[in-house]
Amino acid sequence: MKKKKNIFSLYFNKLKDIKEIHFPKPIKNNTPNYWTVCVFVNIHKKKLKDFLEHKNIQIRDNFFPINLQPALKFGGYLKNGNDNFKNSIKIYKNTIILPSNCNLKVSEIEYICEQIKTFYSKKIL
């Protein structure tokens, strides 16, 4: 967990000043496990994903909302199946998960951050 927290901290410190990206706010009296590095991307999510993939940086969308998963949607497993789960959908549509494998080197995380900064510097958009 310490290594994952260090990875998160490095991303946070390198990307916190980019106005188009926000990190989830900590929840009071709660300790995150830092399993993933999830960031909210206010604009150009698809373009950012394409740009990073072109730079051989593999990112992914956040988890697909459970209410939209076909296996659960129609099987009666959702208690509130008629609810639109707007928060889950908003999070899915507006977040990405950055690479956070424990074997990532600091130099690799710095490279990822530099590419994100380059993208949002308006040179790419």
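**A walk through the nonpolar core**

Guide: Of the 26 residues in the largest nonpolar core, those touching the most other members are Y11, L15, F23, L48, L98, I116 and Y120. The model is predicted, so local features need pLDDT of at least 70 and side-chain atom pairs pLDDT 80 or more, while totals for chains, interfaces and linings use all residues. Residues are numbered from 1 along each chain as its sequence is written, and side-chain values use heavy atoms, without hydrogens and water.

Visitor: What makes a set of residues a nonpolar core?

Guide: Its members are buried Ala, Val, Leu, Ile, Met, Phe, Trp, Tyr and Cys residues joined through side-chain atoms within 4.5 Å. Here α5 (106-123) is among the elements giving two or more residues, and its six residues are the largest share.

Visitor: Which residues of α1 are buried, and what puts them on the same side?

Guide: In α1, the buried residues are K4, I7, F8, L10, Y11 and L15. They cover an arc of only 160° around the axis, so they lie on the same side of α1. That arc is taken from the directions from the helix axis to the C-beta atoms.

Terms used: Buried < 20%, exposed > 50% of the residue type's maximum accessible area, 1.4 Å probe, protein only. Helix = DSSP H or I, 4+ residues; strand = E, 2+ residues; numbered from the N terminus.
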